[in-house]
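User: Hi, I'm new to this one. Could you walk me through a few side chains?
Analyst: Happy to, let's have a look together.
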Amino acid sequence: MTNKACLRRFMSCILLIAMPAAILSGCNDSRIVDHINMVTVLGFDRNKSGLVGTALYQDFDHEGKIEILEGKGKAVKVMLDSINMKSSQPIDLGKLCLLVFSKEFAEEGIESIIKTFCRDPRLSSNLVIAIADGSAAAMFKDLKGKGSEWLPYYLLEQNVKCGNAPFSNMGIFLYDFYGQGRDAFVPYFSKDGNGNIEIKGMGIFQQDRLKLILNPRESLLLKMLSGSYKGGNMAVDLHNSGSPGTSTLSLIKGRVKPVITRNKGTTTITYHEYIDATLKDFPAPLQIRNEDTYKLLRTQLEAQIEIEALELMHKLQQNGVDPLGCGDLIRAHTRGSFEEEKFYAGEYSSLKFSVVPHILLHESWIGE
């Protein structure tokens with residue numbers, strides 16, 4: 001083979017490799033990360049003229065400190081353009097982690113905004129939706145110039161893994177939001193006396209409107225009744241040898257199994273809760289290896305959880321909201337078509353509930 005033939009073959013191979021790369025790069029809307037502002041948190045408020053948006057991003061030219069941009073508009077795209085016009089670099093929503101609505105906004109309905117964002121292919125299904133007590137702008141204003149660890153998304157992530165907040169993301173929210181026989185629930189943010197953001201409970205929707213807010217204790221019970229979970233701490237009252245005391249039930253993991261029974265026209269949903277936990281902060285020495293003591297403690301704990309879980313379910317029932325998906329359970333056990341409006345107008349209020357906790361106590365941290 002001549003040198004020219006070898007050269008032609010070599011050049012052909014180079015072109016075959018380079019052409020697909022050139023074609024693909026021509027189709028990409030490539031951006032350099034250092035030249036855009038990646039919005040991680042976006043808040044929504046309403047005023048008389050339309051939407052008010054508050055965007056949080058990290059300024060990596062200044063050690064990743066939190067920066068805030070605000071914009072207004074009658075539609076989401078117009079509002080985002082207004083925010084973009086105040087930014088020295090283009091804003092991008094590809095890293096959006098948290099979407100926060102003011103309480104007033106959520107009470108008026110959020111479906112139009114949800115439809116806009118759930119159709120955006122740039123956004124991850126791990127995006128979390130939340131509610132702010134008061135305006136979102138006021139909630140975020142004190143974050144300017146702070147480190148990224150102050151972003152409320154990380155606060156929520158930590159409390160889902162180790163604390164009392166139920167797990168939620170865009171995928172779960174949309175399933176509950178649009179699914180039959182279910183209502184969506186989201187974290188509810190507030191500020192403490194020092195101006196720090198904290199999770200004050202869960203907001204429960206009825207269709208697309210905020211209807212009910214649960215306190216932190218009720219939020220933990222909701223977490224325990226919603227499915228498999230890990231983490232959480234619950235103060236409990238115990239009596240050991242006649243002496244009352246307060247302890248902490250530290251949840252390791254748990255799961256729930258709902259069972260439907262029908263008897264003489266009455267429908268009952270029984271929630272079997274399987275809980276692995278430890279006891280902490282007990283005020284007096286306690287020997288869990290003593291069989292009688294173990295049974296006594298477990299009986300007291302199961303009784304408290306049963307009473308409080310039933311109180312929560314009756315509260316949800318009285319307010320006409322269904323974050324536990326009771327309607328979905330009934331639909332799955334109903335022959336023929338399931339009429340959601342008819343169910344919530346009549347059958348839901350007459351449902352009976354039962355809770356049967358099964359607690360397995362581990363010995364760690366018991367006693368002195």
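User: Which backbone nitrogen lies 2.9 Å from a polar atom of the side chain of Asn169?
Analyst: The backbone nitrogen of Ile172 does. A polar contact here is a pair of N or O atoms within 3.5 Å; within protein, one must be able to donate a hydrogen and the other to accept it, and residues adjacent in sequence count only if both atoms are side-chain atoms. This is a predicted model, where local features need pLDDT of at least 70, side-chain atom pairs count only at pLDDT 80 or more, and totals for chains, interfaces and linings use all residues. Residues are numbered from 1 along each chain as its sequence is written, and side-chain values use heavy atoms, with hydrogens and water left out.

User: Where does Asn169 lie?
Analyst: Asn169 is in the loop between α6 (152-162) and α7. Helices (H or I, at least four residues) and strands (E, at least two) are DSSP runs, numbered from the N terminus.

User: Is Asn169 buried or exposed?
Analyst: Asn169 is buried, with a relative accessible area of 11%. Buried means under 20% relative accessible area, exposed over 50%, and partly exposed in between (1.4 Å probe, protein chains only).

User: And what is Asn169 in contact with, leaving aside its neighbours within four places in sequence?
Analyst: Ser125, Asn126, Leu127 and Val128. Contact means heavy atoms within 4.5 Å.

User: New topic: how many salt bridges does a search of the whole structure find?
Analyst: Twelve. A salt bridge is a side-chain nitrogen of Lys or Arg within 4 Å of a carboxyl oxygen of Asp or Glu.

User: Which residue forms a salt bridge with Arg182?
Analyst: Asp328 does, with the closest N and O atoms 3.0 Å apart. Arg182 sits in the loop between α7 (170-178) and β7 (185-191), while Asp328 belongs to helix α10 (residues 326-332), so the pair ties together parts that are 146 residues apart in sequence. Both Arg182 and Asp328 are buried. Through salt bridges that share partners, Asp176, Arg182, Asp328 and Arg331 form one network.

User: What about Glu108, which side chain does it meet in a salt bridge?
Analyst: That of Arg46, at 3.1 Å, N to O. Glu108 is partly exposed at 39% relative accessibility, and Arg46 is partly exposed at 34%.
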